[in-house]
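Subject: Handing over a structure

Hi there,

I am passing this structure on to you, and I hope you enjoy looking through it. Below it you will find my notes on what turned up.

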Amino acid sequence: MSNSLTHFDKKGNAHMVDVSSKVNTDRVAIAKGTVRMKRETFNIMTEGKAKKGDVLSIARIAGIMGCKKTSELIPLCHPIPLSNVKINLIPNTELPGVDIEAHVKTNGPTGVEMEALCGVNAGLLCAWDMLKSVEKDANGQYPAAQIDGVRVLRKSKGDPHD
């Protein structure tokens with residue numbers, strides 16, 4: 001495994017990595033993140049009483065769109081044909097909050113961890129946006145809700161140098 005950054009050439013210029021010589025293989029990435037909120041907000045979300053609509057359903061769609069639009073958002077990412085995207089939103093009563101996981105699959109020459117991360121972040125941002133009107137602190141200021149813990153949980157790849 002090389003210790004150099006792959007998105008820079010020998011002169012230090014940013015460039016898109018050439019994956020044309022890589023073999024297409026099945027690739028999977030799973031990412032996760034959390035949005036923590038006040039108990040009152042959590043109850044509004046899980047009871048389906050948010051003014052903007054069904055938070056979990058809309059955040060799921062935002063997560064899917066985030067996965068699909070990754071190469072438009074991250075400058076050096078390749079456009080990748082995704083074969084499957086699953087966005088799981090798990091209300092977590094202990095936090096309180098919601099955990100969002102993105103499971104992304106492709107058969108191609110490069111991994112899909114950036115797509116999984118973008119999907120999680122889009123879902124988290126959507127949930128935060130839909131709930132922000134009831135998430136103000138005691139002084140009526142933002143934000144009481146917090147987004148955190150965004151990370152890749154798993155990445156399987158066909159090439160150890162990916």
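Where is the place of Pro96? Pro96 is in the loop between β2 (82-92) and β3 (97-108). (Helices, H or I of at least four residues, and strands, E of at least two, are DSSP runs, numbered from the N terminus.) A cis peptide bond, with omega about -10 degrees, joins Leu95 to Pro96. For background, most peptide bonds are trans.

Two notes on how to read all this. This is a predicted model, in which local features need pLDDT of at least 70 and side-chain atom pairs count only at pLDDT 80 or more, while totals for chains, interfaces and linings use all residues. Residues are numbered from 1 along each chain as its sequence is written, and side-chain values use heavy atoms, with hydrogens and water left out.

Now the sheet. It is open, has 4 strands in the order β2-β3-β1-β4, and its pairing is antiparallel. (Two strands pair if DSSP finds at least two bridges between them.) β2 and β4 (146-156) are the edge strands, each pairing on one side only. Between β1 (residues 25-36) and β4 there are 8 bridges; in one of them, Ile30 has Arg154 of β4 as its partner.

Helix α4 packs on this sheet and touches β1, β2, β3 and β4; contact means heavy atoms within 4.5 Å. The direction of α4 makes about 25 degrees with that of β1. (Axes are lines fitted to C-alpha atoms, for helices over the stretch in contact, and angles run from 0 to 180 degrees between N-to-C directions.)

α4 (residues 113-131) also packs with α2 (residues 55-68), at an angle of about 145 degrees and with the axes 7 Å apart. Among the residues that meet are Ile58, Ala62 and Cys67 in α2, and Cys118, Ala122 and Met130 in α4. By class, this contact of α2 with α4 has 12 nonpolar, 4 polar and 1 charged residues. (Ala, Val, Leu, Ile, Met, Phe, Trp, Tyr, Cys and Pro count as nonpolar, Asp, Glu, Lys and Arg as charged, and the others, Gly among them, as polar.)

Last, the cysteines. The whole structure has 0 disulfides. Cys67 is buried, at 2% relative accessible area, and Cys77 is buried at 12%. (Buried means under 20% relative accessible area, exposed over 50%, partly exposed in between, with a 1.4 Å probe and protein chains only.)

Happy exploring!

Conventions:
Disulfide = S-S within 2.5 Å.
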